[in-house]
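Welcome, and thanks for taking a look at this one.

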Amino acid sequence: MLTPLFVTLLLLILLGVPVVVAIGTVALGGILLMPELAPVEFPRKMFAAVDSFSLLALPYFILAGELMVRGGMSRRLVEFAETLVGHLRGGLGHATVLANMIFANVTGSSVAATSAIGSLMAPEMRARGYKPGFIAALAATSGIIGAIIPPSMVMVVYGAMAGVSIGGLFLGGFLPGLLITSLLMLAVHLHGYHPAFPEIRATSGRFSVRLMLTTLPRVWVAVLAPVIILGGIMTGIFTATEAGVVACFYALIVSMFVYRSVKVRDLPRILLNAAVMTTTVLAIIAVAGALGWLLTYLNFTDIVGSWMLGISSKGWVVLLVLLLTMLILTMFIESLAVLIILTPLIIKIGTTFGYDPLYVGMLVIMATQIGATTPPVAVCLFVATSIAGTTYDQTIRRCWPFIAALMLALVLVFLFPALSTWIPNTFLK
Amino acid sequence: MADLVAPAPPARITTALGAVLRRVDRVMEVLVIALFAGIVLVGGLQVFFRYVLNASLSWSEELQRYGLIWIVFLALVIGYRRGAHIGMNLVLHALPRAVQVPVGWLVDLLWLGLGLAMVMYTAVYQSGAGLTFLKSVSRQSSAGMGLRMDIIYACIVVGGVYLTLAAVYALLCRFAGTSPRTELAEEPC
């Protein structure tokens, strides 16, 4: 029963059927095909899967991010990042990465970061002779930081499904996010030594403290956002959900009264957009709840788990196999679907070998995000390709150095658990 | 002017259903916006009461959870109408037209199946005791606010009916060779 179930699921997703429909159909079909299962479990499990206070962090952070973007935050961030690193070799490349890092403090999604920062940087980079494929590849790969530095949609989803502290994952994402930022900037810098990239060697302008100080007041709100969100979670004042609510009010005040670019009449549309965006994720969680229940009934985790645990008695080997599997799967299949379906398996492997759930969580989140940005099927690369006005072939050609930087970050987080666990375990205990 | 050529019966049904559906869309959108604004305010109150007034609210968590569930089951269909659901549609666009067209039909048919299942197994299908799922939970009340649980679970039925309508309309449009989503795709989410 398991094999036909997964073959159908895979086929539907690969045909381009929306993930929620693919999972929902397989779950419903499976339940109906087995007469011993009550069909009322289909709606009941859908409901139960989204009935969670932790998941509320998702709509709240999405709404806060929408308010910030509509408020013109991303444009100000790009200007600020340029005053910081624009004078360096490959300055606009560095600025793209840096702007993504700061923007990551208000967004929880790599696609949102890619399109918000990428669409602002691309025209300027093109004007300075950067290769369109390079622009697209860099915009997409640095967009990942948006999902690693808190807040993070994928961390809310994983934390809620796996029963791992979302606040802990948020705090744990901080150092890996900084690591990815520095490695991507290193990759930009190294391009300068290659004869094919004269534009990266060029420098323009000089660093000006005065210019930086004049743009700083316009972005201080973005710099203050993590202080509120992370500070609140670190000191144990807020849960992640409550931090999300506070972020909403913060973003509302900033965009309405500081930037004055959001009016009351804009709010209904912003709310509706954020609701639909939230639902595109939560609807998948809902139907995955029904599928998960069916898979538990069919002993999926035990069957696949014992097979994976049989590979080796060493925890790190099994963990490595799991990560490689997830990397490869997410290169072809929508990453959220992969993460949600494999969550019980991930928990089983983590508890069998006694790993810190935050460490395992960060690794699987990074692996799925990197896989989702690696060709052939890579949402962020698709988005960035159209933003940079180039072809997918050109983007793929230029993406490998940056993918290598991301992989290196994953390897380092794998080798040094403290990168993902030190901050949360210091502050949350 | 449009009556110069009388539309064939299926086309007339499609037009009428489209008009109804657009009305329903507006109602659902307003409902979702109100619910979202509501849960954010309640969340704000919760934080305010706990950290400023040092008095926790008993009902605020529950209200936000159920508000979100209603949003999900209604906005699920709004997302379908706007073509906003996550999927690998770029892969689909790369496939030949001979594959794209049947897959398009298949997607709308599967949506229809899901919509019908949501209505059927919540409000129509009777278990061994002769009760529908909705009826069986009508005696339960929620822990925090004492709300009747069937009112909360009703979002599955409302969303299911809305989804069924939207899927039937999408299929009729496919039959007529028009796109059901153009008038709604204001901006991509």
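## Around B:Thr132

Leaving aside residues up to four places away in sequence, B:Thr132 touches B:Thr122, B:Ala123, B:Val124, B:Tyr125 and B:Gln126. In this predicted model, B:Thr132 sits in the loop between α4 (97-124) and α5 (133-136) of chain B. Is B:Thr132 buried or exposed? With a relative accessibility of 12%, B:Thr132 counts as buried. A polar atom of the B:Thr132 side chain lies 3.1 Å from the backbone nitrogen of B:Lys135.

## Chain B as a whole

Chain B has 6 helices and 0 strands, and its pattern along the sequence reads α-α-α-α-α-α. Of the 189 residues in chain B, 44% are buried. Taking the contacts in chain B with a separation of 6 or more, 71% are between residues 24 or more positions apart.

## Helix α3 of chain A and its cover

Helix α3 of chain A spans residues 41-50, and its buried residues are A:Glu41, A:Phe42, A:Pro43, A:Met46, A:Phe47 and A:Val50. As a reminder for reading such a list, an α-helix has 3.6 residues a turn, so residues three or four places apart point the same way.

What covers these buried residues of α3(A)? The cover includes α2 (19-33) and α16 of chain A, together with α2 (60-82), α4 and α6 (149-176) of chain B.

## A:Leu294 in helix α16

Helix α16 of chain A covers residues 267-297, and A:Leu294 is found in it. A:Leu294 is buried, with a relative accessible area of 0%. Beyond residues up to four places away in sequence, A:Leu294 touches A:Leu5, A:Val26, A:Ala27, A:Gly30, A:Ile31, A:Met34 and A:Leu37.

Four helices of chain A, α1 (2-14), α17 (300-309), α18 (315-332) and α19 (335-352), each supply at least two lining residues. The largest share, 5 residues, comes from α19(A). By class, the lining has 17 nonpolar residues, 1 polar residue and no charged ones.

## Backbone details worth a click

One joins A:Pro150 and A:Pro151, with omega about -5°, and A:Pro151 lies in the loop between α9 (145-148) and α10 (153-162) of chain A. Another joins A:Pro375 and A:Pro376, with omega about 5°; A:Pro376 is in the loop between α20 (357-371) and α21 (379-388) of chain A.

Positive phi values also turn up outside glycine. Phi of A:Arg260 is near 50°, and this residue is in the loop between α15 (240-258) and α16 of chain A. A:Arg260 is exposed, with a relative accessible area of 62%. A:Asn299 has a phi of about 60° and is found in the loop between α16 and α17 of chain A. At 40% relative accessibility, A:Asn299 counts as partly exposed.

Key: Residues are numbered from 1 along each chain as its sequence is written. Chains are lettered from A and ligands numbered from 1 in the order in which they are written. This is a predicted model: local features need pLDDT of at least 70, side-chain atom pairs count only at pLDDT 80 or more; totals for chains, interfaces and linings use all residues. Side-chain values use heavy atoms; hydrogens and water are left out. Buried means under 20% relative accessible area, exposed over 50%, partly exposed in between (1.4 Å probe, protein chains only). Contact means heavy atoms within 4.5 Å. A polar contact is a pair of N or O atoms within 3.5 Å; within protein, one must be able to donate a hydrogen and the other to accept it, and residues adjacent in sequence count only if both atoms are side-chain atoms. Ala, Val, Leu, Ile, Met, Phe, Trp, Tyr, Cys and Pro count as nonpolar, Asp, Glu, Lys and Arg as charged, and the others, Gly among them, as polar.
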